[in-house]
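Visitor: Please take a close look at the charged side chains in this model and at how they pair with one another. I would like one connected explanation that gives each term its cut-offs.

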Amino acid sequence: MKGVREHLFGEQDLAYIEATSPDPHAALAAIEAAAEPEKIPILDRASGRVLAALFAGRRRVVEVGTAIGYSTLWIALATGPAGRIVTIDPDRSRTDRARAFWRQAGVADERIEVVNAPALAAFEAGDAALAGPFDGAFIDALKPEYGAYVEALIPRLLPGALVVADNVLWSGRVSGARQPEPDDHSTDALRTFNASMLSDSRFRAAILPIGDGLLTATWRG
Ligand SMILES: C[S@@+](CC[C@H](N)C(=O)[O-])C[C@H]1O[C@@H](n2cnc3c(N)ncnc32)[C@H](O)[C@@H]1O
């Protein structure tokens, strides 16, 4: 394939990036430590660093899939005091824990609003918090619903808004490098989602081979 690199990233490259980058905020490290023993699926740290770079300076961001607030906090710390985030997760026990970590990081309560409902139902119900307009969106919830999240988001996006979706390589299953489990409903859905986003002329999209695969798409309006 044209442009294939002579060297694929390895552990040493990742260690170099980690050693060269600033330490994450203590509250982010605390979330990592809390998530690990309970196997709460949060973004990996390298993807968090990329999210921060992508969302820096955004003013109104909507997130689908909060868990205990790790990706939310990377975004909130990057947008700075002027940024507002609405984050959606039906699991209140998780989002209550998230709120405590955000406070630990000094992110004021009014900067992050939580919607405790399934995202598609909340969009459909016209929840006022989700009216937008948004200049950023991060998607990290049910993989078979990714396409529907984007369709619900489109009327709420400002021209130039950035839409980012996590897990679009699904641990190698999307490309076929690994076989899906028999009951996997996500792999085909993610293939459809990726193909649709990469070919949609209303977006300028690319897949970053970082973490579990981050799709970034700029809404052209
Ligand atoms: C992968 S985790 C999110 C991780 C988080 N973005 C992070 O990196 O810190 C997915 C979350 O989506 C939530 N979820 C499940 N169904 C959902 C739905 N219909 N709408 C929104 N969130 C949903 C789950 O409760 C779970 O906490």
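Guide: Arg97 has a relative accessible area of 30% and is therefore partly exposed, a class that lies between buried (under 20% relative accessible area) and exposed (over 50%), computed with a 1.4 Å probe on protein chains only. The model is a predicted one, in which local features need pLDDT of at least 70 and side-chain atom pairs count only at pLDDT 80 or more, while totals for chains, interfaces and linings use all residues. Residues are numbered from 1 along each chain as its sequence is written, and side-chain values use heavy atoms, with hydrogens and water left out.

Side chains of opposite charge can pair when their charged atoms come close. A salt bridge here is a side-chain nitrogen of Lys or Arg within 4 Å of a carboxyl oxygen of Asp or Glu. The side chain of Arg97 forms such a bridge with that of Glu38, at 2.8 Å from N to O. This pair links distant parts of the chain, since Glu38 belongs to helix H2 and Arg97 to helix H5 (residues 92-104), 59 residues apart; helices are DSSP runs of H or I with at least four residues, strands are E runs of at least two, and both are numbered from the N terminus. Glu38 is also partly exposed, because its relative accessibility is 46%.

Arg99 has a relative accessible area of 17% and so is buried, whereas Asp109, at 33%, counts as partly exposed. Asp109 also meets Arg103 in a salt bridge of 2.7 Å, N to O.

Returning to helix H2 (residues 26-38), we find Glu32 there, and at 19% relative accessibility Glu32 counts as buried. A network of salt bridges links Glu32 with Glu18, Arg45 and Arg49. The whole structure holds eleven salt bridges.
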